[in-house]
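I opened this entry to record what I looked up, one item at a time. The sequence and structure come first.

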Amino acid sequence: MASATDSRYGQKESSDQNFDYMFKILIIGNSSVGKTSFLFRYADDSFTPAFVSTVGIDFKVKTIYRNDKRIKLQIWDTAGQERYRTITTAYYRGAMGFILMYDITNEESFNAVQDWSTQIKTYSWDNAQVLLVGNKCDMEDERVVSSERGRQLAEHLGFEFFEASAKDNINVKQTFERLVDIICEKMSESLDTADPAVTGAKQGPQLTDQGAPPHQDCAC
């Protein structure tokens with residue numbers, strides 16, 4: 001495993017030529033919204049209904065191909081409990097993307113989205129990209145947060161929006177791939193402007209924007 005990089009754009013490391021870029025991504029949100037299940041579904045294509053609270057922080061690595069580039073994703077699964085907040089916010093530094101998650105069957109987790117958004121703005125760098133994800137859309141009978149409310153909140157915060165289900169594998173891959181595409185788009189724009197304050201002294205090869213297919217909300 002390559003060591004984490006402080007580069008804001010996951011620039012190529014000379015010690016490991018098996019990937020072109022490395023992106024650090026965090027999954028954040030209240031406890032029990034399904035962050036760990038979401039990560040395991042994407043990284044390992046596995047799901048377990050048993051709930052085990054994440055202690056502190058953990059991560060998985062997955063390499064994908066986007067726009068003819070090998071991109072290594074270092075995906076961090078964070079604990080949602082308040083007592084771990086000091087630990088988890090320390091990992092916000094250097095993150096290129098966030099998946100901010102709530103549970104569509106849990107009003108409290110939805111109400112906490114604004115606070116999580118504020119933490120991103122406080123502890124991460126200004127150009128970090130964020131997707132808002134309403135998880136557990138397979139539990140339609142227990143839904144308390146409508147898709148429209150989620151979409152409206154995402155629009156208010158300036159985030160793109162997905163509803164997903166780790167259990168039924170709905171919009172999991174699409175969420176991660178869309179986040180990666182947005183990061184690549186922003187990176188390409190920043191490299192085009194060649195602003196040293198944004199891109200840093202070292203600039204990697206520009207990623208081309210192939211255009212991501214439009215996502216679809218959960219049709220459960």
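This is a predicted model: local features need pLDDT of at least 70, side-chain atom pairs count only at pLDDT 80 or more; totals for chains, interfaces and linings use all residues.

**Second largest pocket**

I counted 15 lining residues, and D126, A128, Q129, V130 and F159 lie nearest the pocket's centre. Its volume came out at about 250 Å³.

The largest share is from α4, with three residues. I then sorted the lining by class: six residues are nonpolar, five are polar and four are charged.

**Strand β3**

I turned to β3, residues 69-78. Is this strand enclosed or open? Nine of its 10 residues are buried, so the rest of the structure largely encloses β3. I also checked its pairing with β1 (residues 21-29): the two run parallel, joined by seven bridges. For M22, I found K72 as the bridge partner in β3.

**Nonpolar cores**

The largest nonpolar core has 29 residues. I looked for the members that touch the most others, and found F23, F38, L73, I75, I99, F176 and V180. Two or more residues come from each of β1, α1 (35-44), β3, β4 (97-103), β5 and α6. Of these, α6 gives the most, nine residues.

Last, I noted a second, separate core of 25 residues. Y92, A95, W125 and L132 are among its members.

Methods:
Residues are numbered from 1 along each chain as its sequence is written. Side-chain values use heavy atoms; hydrogens and water are left out. On a 1 Å grid over the protein atoms alone, a cavity is a set of points where a 1.4 Å probe fits but cannot get out, and a pocket is an open set with protein on both sides within 12 Å along at least five of seven lines; lining residues have an atom within 4 Å of a point. Grid points are joined across faces, edges and corners, and a volume is the space filled by probe spheres set on the points. Helices (H or I, at least four residues) and strands (E, at least two) are DSSP runs, numbered from the N terminus. Ala, Val, Leu, Ile, Met, Phe, Trp, Tyr, Cys and Pro count as nonpolar, Asp, Glu, Lys and Arg as charged, and the others, Gly among them, as polar. Buried means under 20% relative accessible area, exposed over 50%, partly exposed in between (1.4 Å probe, protein chains only). Two strands pair if DSSP finds at least two bridges between them. A nonpolar core is a set of buried Ala, Val, Leu, Ile, Met, Phe, Trp, Tyr and Cys residues joined through side-chain atoms within 4.5 Å.
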